[in-house]
Every structure is written in C-alpha cells, then in structure tokens.
Amino acid sequence: MTLKIACVQSDIIARNPEENFKHLDEVFTRIQDDRDIIILPETFTTGFPAEAELFAEDENGATMTWLRKKAKERNCVICGSFITSFVSQQDNKTTGQQAKANHNTLIWMNPDGSYHAYNKRHTFMGGEKELDCGQELITINYKGWKIRPFICYDLRFPVWLRNSFKEGEFAYDLAILIANWPQPKAYIWNTLLSARAIENQAYFIGVNRVGIDHNKVPYIGETKIVNAKGRTVAELTGATEDILEAEIDMESLDTILELPIGVYTKDSYNVEKARKIHGNKFDYSKVVIIITKHYDVVAKKIGDDLHR
C-alpha cells in the first residue's frame, strides 16, 4: 500500500486569509494530479500567532469552504490548521447548551466534504494563551494506513505522541506534524522529528512554513519525511517556498519495524507475549538491556531540552 504525498512548504501572508487562499490556488496548480494527500503548514491562512477574536471561524467559515472546494477539485485529502470556534462536544454545565471553544485545529478534509478535526494539545505559551488546549488524539484510517495528526509544539512532548501496540498492530503507521517552526530552532526540529520516528516506529512527515512573519520571526522550512529508523527519505533543504512530492509504502515500513514498544511494561518485559506475536524473530535475552538503555538516553535528552 502506497501513499502519494504533496507537502506544501509555503510562505504565509500575515493575518490575511483571502490573500493566502489566492496564493495557494496558484501553488496547487504546480502539484501533480495523482496525490492522495496535500499537506499545508500550521495556521496556513493567517500565520502565527493569530488572534482568535479576529480570525476564529466556525464550521461554515471561509476556510472550511475553501478546503471543501479544493479537496473536491483535486479528488484528494487536504489538511492544514487554522483558528476555529467550533461547537464543543460537551454541554455547557451552566446553561445546558453546547458552548463554542477556540482552538488551533488541523482539519483533514475528504473529497466528499466530510472531515476529521484535531485540536492542538500543546498550545505555545508565547502566542496561544487565549486558545483552548485539545483533549483528544485522533487516528484516521485512510487507504489502509492509520494516520495520526499533530501540530507544531506537540513535537516537544513524547508521551502525547507515543505509539502503542495491541493485538499485533500499532496504533498508527504515519504521523503528520504541521508547524510554524522558527529558524533559530532548526536543529531541534530536525533532531526531534527523527527521534519521534525512532521511538514510535512510524513514518513522520514534518511540514513547516517559510518566510518572515509580522513579528519579524524567520521560519526554516526544512519540510521532510522520516522513516521508522529516523532516516530522512525525502526533504526540502533551505528556507524557500517549494513543494515536496513523494511516495511512501507500507511494505518499506514493515521491513524495518523492530520489537514493538507496547510489548513491555514500565517494570518488566513480557517475553512470552513477544514470542507469541513474533516467534523467534528476536534475541529476547538482549532486549531488556537494549530498551532500557534506549529509553534512559531519550529521557535524559528530553529533560535537558525542556529545561533550557
């Protein structure tokens, strides 16, 4: 099973949805017609940060309308994030009515107009204080793939991104992470994308913007696709507007998957469960040491990074 991907590494016109729609209309003419998914950066209509009181849209707003139109025209999925004010799934406890909440929301728009929505869990302290934090992970089943979306700052939080393994299957095969990731933190972007792919034994696609925003912050681009061994299999180098078109396949993923991360617990490693799933494919006598060393190193690096 293959997926044909187009990653749009675009500049974003600050706080101007209409001009960004026009710009992306032109960019889309340069994308091949056979793509399964077109991925846009975080806050692709306004740039980051975007004030919710000015730019939050509901389910019938201009951005949802544009996404539906483009997904139908292209006959493929289009995903990207913008500031939303959708009806909450939980009833307002005081009024008994459904309340609206403001989020940075990744919309996965299908060609038939149906969609999935992921609300960014880890809002960035410097620009999203007025937004609500998302509470739920979502997994999208698409063309035989299990796909999990994330947004920008989520990349810093390995527990939120953690894959799981139950009844012989991973929770997700592919993670899509869209961002407005600044140039001064380029090394962190590249390092963490590879680290998360290795930890979770899944493809990771990181799509970032380029250009300079209205606060004079430069963005690095460096959009890339990383395989489950943390190796970059396709990328855009340099901070210029471009489109990364690539094809990934499940067979390549299957051949590099190692011992599943969900076969062991925090305190012990279940060898019998592993043998039942994988037979004698692995040297189980060494696996506890390997896993312990691996996760000790990862935990130390994460701790150092977050305390800087």
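Let me start with C133, which counts as partly exposed because its relative accessibility is 33%. On this scale buried means under 20% relative accessible area, exposed means over 50%, and partly exposed is in between, with a 1.4 Å probe and protein chains only. C79 counts as buried, at 0% relative accessibility.

Before going on, a word on the source. This is a predicted model, in which local features need pLDDT of at least 70, side-chain atom pairs count only at pLDDT 80 or more, and totals for chains, interfaces and linings use all residues. Residues are numbered from 1 along each chain as its sequence is written, and side-chain values use heavy atoms, with hydrogens and water left out.

Now the chain overall. The protein chain has eight helices and 16 strands; these are DSSP runs numbered from the N terminus, helices being H or I of at least four residues and strands E of at least two. Of its 308 residues, 51% count as buried.

Helix α1, residues 17–28, and helix α3, residues 62–74, pack at an angle of about 10°, with their axes 12 Å apart. Axes are lines fitted to C-alpha atoms, for helices over the stretch in contact, and angles run from 0 to 180 degrees between N-to-C directions. That makes α1 roughly parallel to α3, the term for angles under 35 degrees. On α1 the contact is made by F21, L24, D25 and F28, and on α3 by A62, T63, W66, K70 and R74; contact means heavy atoms within 4.5 Å.

Some of those names come back in the rings: ring pairs link F21, F28, F44 and W66 into a cluster. Rings of Phe, Tyr and Trp (its six-membered ring) pair if their centres lie within 6.5 Å; planes under 30 degrees apart count as stacked, over 60 as edge-to-face and the rest as tilted.

The whole structure has 14 aromatic pairs. One of them is F86 with Y115, edge-to-face, at 6.5 Å centre to centre and 65° between the planes. F86 lies in strand β3 and Y115 in strand β5, so this pair ties together parts 29 residues apart in sequence. F86 is buried, at 11%, while Y115 is partly exposed, at 30%.

Notes: Angles under 35 degrees count as roughly parallel, over 145 as roughly antiparallel, 65 to 115 as roughly perpendicular and the rest as oblique.
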